[in-house]
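Please find below my notes on the model, arranged as numbered points. They are meant to be read beside the coordinates.

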Amino acid sequence: MIIDELVNSKIIDTLSHKREDKVLYVTDLVRCALKIKYEEKYKELSLAESIKPSAILGDLVHEGLEKFLAEKFNAKLEVESEKQVTLAQDVYKIKGRADAIIEGEKKIVIEIKTARADKGLPLEHHKQQLRLYLWLFDANEGILVYITPDRVTEYSIRNKAEDDEVIRLVEETIKLLKTPRYNWECSYCIFNVICPESRKNK
């Protein structure tokens, strides 16, 4: 009964995501551009990935911590925003959704992350993602909150991404220049068995 509801809600959420032409998400700019293509082409594999226990656990941790932030800090949750950038005369829309935003004397963007271990925190792609959110939401401070089996901690990020940096990331994504963007991505990618760029065994 409970598991059915959990799995069905994840499937519905995954299938509801429809890509628009010349629209990129902040998360697209911090991961392998080829994986984005495969997710569209092989939706069944994307569905399988969405119901992994680690994915469901991450969603539940997000929901619980977001509720806490709303109650204790009056945070706005799942806040969406978008900006436009121009690349070679083409206009691209950059969209993103922050886990939470606290507004007071200053605007603070909160990004919640779960991880299997605490080695190497804060991770580079998470810092980059939050910097892009600072750019997207015109904020000067962000906090990365990590929940791992070994540690619960946070990191402050204050250097927002610049326009030229965002345009470079868009170009890398559109032209498939970073496949993978990070060498470790292939080891965790469900598409590595069919991907010609896979570095899993290299």
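**Notes on the predicted model**

1. Leaving aside neighbours within four places in sequence, Ser198 is in contact (heavy atoms within 4.5 Å) with Cys186 and Asn192. Ser198 lies in the segment after helix H7 (185-188), helices here being DSSP runs of H or I with at least four residues and strands being runs of E with at least two, numbered from the N terminus. With a relative accessible area of 13%, Ser198 is buried, a class that means under 20%, whereas exposed means over 50% and partly exposed lies in between (1.4 Å probe, protein chains only).

2. On the basis of the values: this is a predicted model, in which local features need pLDDT of at least 70 and side-chain atom pairs count only at pLDDT 80 or more, while totals for chains, interfaces and linings use all residues. Residues are numbered from 1 along each chain as its sequence is written, and side-chain values use heavy atoms, with hydrogens and water left out.

3. At the other terminus, Met1 is found in the segment before helix H1 (2-16) and counts as exposed at 79% relative accessibility. Together with Ile2 and Ile3, Met1 forms a nonpolar patch on the surface, with about 410 Å² of accessible area for the three together. Such a patch joins nonpolar side chains (Val, Leu, Ile, Met, Phe, Trp, Tyr) within 5 Å, taken from residues with over 30% relative accessible area and no salt bridge.

4. Helix H4 (residues 53-73) has 21 residues and should span 30 Å at 1.5 Å a residue, which agrees with the 29 Å between its end C-alpha atoms; the expected span is 1.5 Å times one less than the number of residues. The buried residues of H4 are Ile56, Gly58, His62, Leu65, Glu66 and Leu69, and they pack against H1, helix H3 (43-50), strand S2 (76-87), strand S3 (90-103), strand S4 (107-114) and strand S5 (141-147). After H4 comes Asn74, whose phi is positive, near 55 degrees.

5. Which residues touch the most other members of the largest nonpolar core? Among its 29 residues, they are Leu29, Ile94, Val109, Leu132, Phe137, Val166 and Val170, where a core is a set of buried Ala, Val, Leu, Ile, Met, Phe, Trp, Tyr and Cys residues joined through side-chain atoms within 4.5 Å. The largest share of this core, six residues, comes from H5. Leu132 touches Val26, Leu29, Val30, Ala161, Val166 and Leu169, residues up to four places away in sequence not being counted. A second, separate core of 10 residues includes Ala100, Ile108, Ile143 and Val145.

6. The count of salt bridges comes to 22, each being a side-chain nitrogen of Lys or Arg within 4 Å of a carboxyl oxygen of Asp or Glu. One of them joins Arg97 and Glu78, at 3.0 Å from N to O, and this pair links distant parts of the chain, with Arg97 in strand S3 and Glu78 in strand S2, 19 residues apart. Arg97 counts as partly exposed at 41% relative accessibility, as does Glu78 at 32%.

7. Two further salt bridges deserve a look. Lys43 pairs with Glu40, their closest N and O atoms being 3.6 Å apart, and Lys175 meets Glu171 at 2.8 Å, N to O. Lys175 is partly exposed, with a relative accessible area of 48%. Salt bridges that share partners also join Arg19, Asp28, Arg31 and Glu39 into one network.

Technical notes. Patch = residues over 30% accessible without salt bridge, like charges linked within 9 Å, V, L, I, M, F, W, Y side chains within 5 Å. Areas by Shrake-Rupley, 256 points an atom, 1.4 Å probe, with all protein chains shown as cover.
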